[in-house]
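Work through the exercises below with the sequence and the model open. Each task is followed by a solution in steps.

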Amino acid sequence: GNAAFNLIESVTGFPEPPKFEWSYALTTISVEPFTLFIGLIALITYWVGYLKLINRGDKWPISRVIFWSLGIILAIYVTNTMLGRYAILMFSAHMTVHMILAMVVPILLPLVAPLTLALRVLKPTNDPNVRNLREWIVAIINSKYLKVTSHPIIAFFIFAAGTWALYFSPLLTVLMRSHLGHLFMDAHFVLAGYLFFWLIIGKDPAPR
């Protein structure tokens with residue numbers, strides 16, 4: 001009814017979608033501006049870095065470019081189709097998106113050494129008093145925060161226990177009440193998964 005429609009729209013920020021069907025959810029575009037923007041920036045940045053290396057005569061495995069592209073496109077796909085819209089309303093759709101963002105995308109991305117690519121492309125600054133993007137990346141890699149969070153036990157805790165705490169506490173209800181909360185969960189799934197799989201199969205050097 002109209003009350004249900006208004007409730008769904010007030011919670012999600014979107015009109016009430018049609019009755020769920022997998023074919024419709026997987027083939028209908030529904031743009032989510034934030035994830036689309038971040039995804040395109042990540043995709044374009046990696047390709048620009050790759051082309052810069054190739055143009056100056058360096059080598060970089062094309063397989064890494066393919067894995068990166070697959071991972072980013074997959075993340076864009078599940079958040080910019082109606083599947084991502086239904087994920088705010090239906091637990092089954094939510095878990096499908098969750099598993100892809102936490103268990104598939106983070107496996108593909110650490111295989112392509114994005115930090116190594118950035119450090120090879122970016123030039124160090126000649127001014128010791130100025131930090132450019134390359135120096136910031138090096139500083140983050142060597143930071144105490146990352147050394148702590150990259151401990152295998154802590155990384156596993158963030159990855160597994162964080163998910164457990166989310167689904168077995170009132171936090172899930174709080175986050176699912178808004179589109180922003182749902183975006184926060186999506187970001188957590190990807191970043192926590194990336195940290196965990198970086199330590200296991202990542203090509204970038206880790207703090208430990």
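**Exercise 1.** Why does Ile 62 count as partly exposed?

Solution. The model is a predicted one. Step 1: find the residue; Ile 62 is in helix α4. Step 2: take its relative accessibility, which is 45%. Step 3: compare with the cut-offs, under 20% for buried and over 50% for exposed, with partly exposed in between. Ile 62 counts as partly exposed because its relative accessibility is 45%.

**Exercise 2.** Which residues make the nonpolar surface patch of about 530 Å², and which helix gives the most to it?

Solution. Step 1: list the members. Trp 47, Leu 51, Ile 62, Ile 66, Phe 67 and Leu 70 make up the patch. At least two residues come from each of α3 (33-55) and α4 (62-79). Step 3: find the main contributor. With four residues, α4 gives the most.

**Exercise 3.** How many salt bridges does a search of the whole structure find, and which residues are linked in a network of salt bridges?

Solution. Step 1: the search finds two salt bridges. Step 2: take the pair Arg 56 and Asp 58, whose closest N and O atoms are 2.7 Å apart. Step 3: take the pair Asp 58 and Arg 120, with an N to O distance of 3.8 Å. The cut-off for a salt bridge is 4 Å. Asp 58 lies in the loop between α3 and α4, while Arg 120 belongs to helix α7 (residues 114-121), so this pair ties together parts that are 62 residues apart in sequence. Step 4: join the pairs. Arg 56, Asp 58 and Arg 120 form a network of salt bridges.

**Exercise 4.** Are Arg 56, Asp 58 and Arg 120 buried, partly exposed or exposed?

Solution. Step 1: Arg 56 has 45% relative accessibility and therefore counts as partly exposed. Step 2: the value for Asp 58 is 25%, so Asp 58 counts as partly exposed. Step 3: Arg 120, at 33%, counts as partly exposed.

**Exercise 5.** Where is Glu 135 placed, and which side chain of opposite charge is nearest to Glu 135?

Solution. Step 1: Glu 135 sits in helix α8 (residues 133-141). Step 2: Glu 135 is buried. Step 3: look for a partner. Step 4: list the contacts. With neighbours within four places in sequence left aside, Glu 135 is in contact with Pro 124 and Thr 125.

Methods:
Residues are numbered from 1 along each chain as its sequence is written. This is a predicted model: local features need pLDDT of at least 70, side-chain atom pairs count only at pLDDT 80 or more; totals for chains, interfaces and linings use all residues. Side-chain values use heavy atoms; hydrogens and water are left out. Buried means under 20% relative accessible area, exposed over 50%, partly exposed in between (1.4 Å probe, protein chains only). Lys and Arg count as positive and Asp and Glu as negative; His and the chain ends are not counted. Contact means heavy atoms within 4.5 Å. Patches are made of residues with over 30% relative accessible area and no salt bridge: like charges are joined within 9 Å, nonpolar side chains (Val, Leu, Ile, Met, Phe, Trp, Tyr) within 5 Å. Accessible areas come from the Shrake-Rupley method with a 1.4 Å probe; for residues, only the protein chains shown count as cover.
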